[in-house]
Amino acid sequence: MMGIHPTAIVHPSAKLGRGVVVGPYSVVGEHVEIGDHSVIGPHVVVTGHTMIGSDNRIFQFCSIGEQPQDKKYAGEPTRLEIGDRNTIREFCTFNCGTAQDSGVTRLGNDNWIMAYVHLAHDCQVGDNTIFANNAQLAGHVRVGDWAILGGFTVVHQFVRIGAHSITAMGTILLQDLPPFVMAAGNPAEPRSINAEGLKRRGFSPTAIAAIKRAYKTLYKAGMKLDEARAALEAESLTVPELSVLAGFLVASGRGIVR
């Protein structure tokens, strides 16, 4: 499949880069920009003020850039931004942002998004994440780099998910999930750290041991959250990997999974 299929409908004002493929019966709207060598499969609708980077592949039956599912939305020209080298599998739905937030929903680079994933309005997803089938993000969710969401993970609005964290299948996140932590259950509970993931990403044994100690400080030492946060801030002075955890706790608005 090369170029724009004869059955595709591409608005004359849409901006398509070099080597872009648009498959059969797909629709590309007026305010859409698609970067070089991205592939839009068959029966895909790309609409709204949507910017898609280079080397993405979007599989069939996805709805990309549609209006937010928010009753306050009044037609404002909000946006969806997708970075480079993302794989977006079948039946995914990504919505634009709302004027009540920053006005933009973002997906970063090198993400692996499986079938039936929903990114609601104003979500901000980093780089190198994996969302398994049917992971569902409500509005205003933040997801850090390298996070992994197991199949059928459901995330409440305004929840923050830290870098290098992981959820089991069917996890329900009602509160923030700190970096490095593995969670499971309904509602989610912390189980351990994502040790295997950290090994694969090149964290040293010393750093992983420090993160394990930090997990015990946060969840096993009987400290109040403010006390644990202060202890982790102090330890991060000598263990730089812990600074992301300490900073996450400072910014947590919904509290963390317990």
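Biologist: Happy to look at this together! In which helix does Ile208 lie?

Modeller: This is a predicted model, where local features need pLDDT of at least 70, side-chain atom pairs count only at pLDDT 80 or more, and totals for chains, interfaces and linings use all residues. Residues are numbered from 1 along each chain as its sequence is written, and side-chain values use heavy atoms, with hydrogens and water left out. Helices are DSSP runs of H or I with at least four residues, strands are E runs of at least two, and both are numbered from the N terminus. By that numbering, Ile208 lies in helix H2.

Biologist: Is Ile208 buried or exposed?

Modeller: Buried means under 20% relative accessible area, exposed over 50%, and partly exposed in between, using a 1.4 Å probe and protein chains only. Ile208 has 7% relative accessibility, so this residue counts as buried.

Biologist: Which residues does Ile208 touch, leaving out those up to four places away in sequence?

Modeller: Contact here means heavy atoms within 4.5 Å. With that cut-off, Ile208 touches Ile193, Ala195, Leu198, Lys199 and Phe203.

Biologist: And what do the buried residues of H2 pack against?

Modeller: H2 covers residues 205–219 and reaches 21 Å from its first C-alpha to its last, close to the 21 Å expected; the expected span is 1.5 Å times one less than the number of residues. Its buried residues include Ala207, Ile211, Ala214 and Leu218. They pack against strand S26 (181–184), S27, H1, helix H3 (225–235) and helix H4 (243–251).

Biologist: Why do H3 and H4 count as roughly antiparallel?

Modeller: Axes are lines fitted to C-alpha atoms, for helices over the stretch in contact, and angles run from 0 to 180 degrees between N-to-C directions. Angles under 35 degrees count as roughly parallel, over 145 as roughly antiparallel, 65 to 115 as roughly perpendicular and the rest as oblique. H3 and H4 are therefore roughly antiparallel, as their axes come within 9 Å and cross at roughly 150 degrees.

Biologist: Which residues of H3 and H4 make that contact?

Modeller: On the H4 side, the contact is made by Leu245, Ala246, Leu249 and Val250. On the H3 side, the residues are Leu225, Arg229, Leu232 and Glu233.

Biologist: Turning to the hairpin, which residue in its turn has a positive phi?

Modeller: Two strands pair if DSSP finds at least two bridges between them. S26 and S27 pair in the antiparallel sense over four bridges, and Ile193 in S27 is the bridge partner of Val181. Four residues separate the two strands of this hairpin, and the turn residue with a positive phi of about 110 degrees is Gly185.

Biologist: What is the relative accessibility of Asn194?

Modeller: Asn194 is found in the loop between strand S27 (189–193) and helix H1 (195–200). Among the residues that Asn194 touches are His164, Phe180 and Arg201. Asn194 counts as buried because its relative accessibility is 5%.

Biologist: Which strands are the edges of the open sheet?

Modeller: Nine strands form this open sheet with parallel pairing, in the order S1-S4-S7-S10-S13-S16-S19-S22-S25. Each edge strand pairs on one side only, and the edges are strand S1 (9–10) and strand S25 (172–173).

Biologist: Last one: which residues form the covered face of strand S8?

Modeller: In a regular strand, side chains alternate between the two faces of the sheet. In S8 (residues 49–52), His49 and Met51 form the uncovered face. Ile52 is the bridge partner of Ile34, while Thr50 stands opposite Leu80 in S11. The covered face consists of Thr50 and Ile52.
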